[in-house]
Amino acid sequence: MTETRTQIRTYVDSHPGVHFNGLVRSLDLAPGQVQHHVRRLVETEAVVREEFYGRTHYYSPGLTEWERATVALYHRGTARAVLETLLEDGEARPAALADDLGIARSTLEWHVGHLEAEGVVEKERDIRNRVTLVLDRPAATAALLSRLDADAVAAAERSADAAGPSETPVDAD
């Protein structure tokens with residue numbers, strides 16, 4: 001494996017769910033260079049490329065599908081705030097959570113819908129059909145997210161958002 005591929009692979013291992021632009025900026029490499037080497041890493045299965053909800057993420061091959069989806073969603077600020085709240089409080093009522101996060105209820109529902117679809121969060125209903133949000137796998141979620149640096153993830157996302165949609169898909173023709 002070349003030095004550049006080793007550098008990319010090492011970065012992906014330590015920053016699961018990183019985006020293409022994050023690799024370019026963090027490693028100070030040219031986009032074409034990153035594209036070439038990432039393509040080779042994906043072809044040899046040294047790196048896993050996965051798209052979740054319109055964004056492409058890169059992972060080490062050892063992560064499960066659930067872990068990749070959870071990490072991808074954690075890279076989104078609102079989903080990250082939901083997960084952190086549920087990890088801290090154990091449960092939350094949607095209206096109260098939306099108020100606490102300062103977001104519209106519809107925005108919360110969009111993110112919760114994705115978290116629910118990936119088996120990260122579930123909606124429990126009481127006898128009066130009131131919804132409470134809880135983590136589907138709290139111990140596994142806590143263990144996975146404890147391996148991530150929330151500040152670094154948030155900074156990378158702000159940087160990616162500021163850069164705009166210039167991600168070059170690795171498998172583009």
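Me: Which residues is Val-121 in contact with, leaving aside its neighbours within four places in sequence?

Reply: Contact means heavy atoms within 4.5 Å. Val-121 touches Leu-83, Leu-86, Val-112, Leu-115, Glu-116, Leu-133, Val-134, Leu-135 and Asp-136 in this sense. The model is predicted, so local features need pLDDT of at least 70 and side-chain atom pairs pLDDT 80 or more, while totals for chains, interfaces and linings use all residues. Residues are numbered from 1 along each chain as its sequence is written, and side-chain values use heavy atoms, without hydrogens and water.

Me: Which residues touch the most other members of the largest nonpolar core?

Reply: In soluble globular proteins, nonpolar side chains tend to be buried together. A nonpolar core is a set of buried Ala, Val, Leu, Ile, Met, Phe, Trp, Tyr and Cys residues joined through side-chain atoms within 4.5 Å; buried means under 20% relative accessible area (1.4 Å probe, protein chains only). Here the largest core has 27 residues, and Leu-83, Leu-86, Leu-115, Val-121 and Leu-133 touch the most other members. Its largest share, six residues, comes from α4. Helices are DSSP runs (H or I, at least four residues), numbered from the N terminus.

Me: Which residues of α5 are buried?

Reply: They are Ala-79, Arg-80, Val-82, Leu-83, Thr-85 and Leu-86. Just after α5, Gly-90 has a positive phi of about 90 degrees.

Me: Where does the charged end of Arg-80 sit?

Reply: A charge sits over a ring if NZ of Lys or CZ of Arg is within 6 Å of the ring centre and within 35 degrees of the ring normal. The end of Arg-80 is over the ring of Tyr-74, 5.7 Å from its centre. Arg-137 lies over the face of Trp-66, at 4.0 Å from the ring centre.

Key: Buried means under 20% relative accessible area, exposed over 50%, partly exposed in between (1.4 Å probe, protein chains only). Helices (H or I, at least four residues) and strands (E, at least two) are DSSP runs, numbered from the N terminus.
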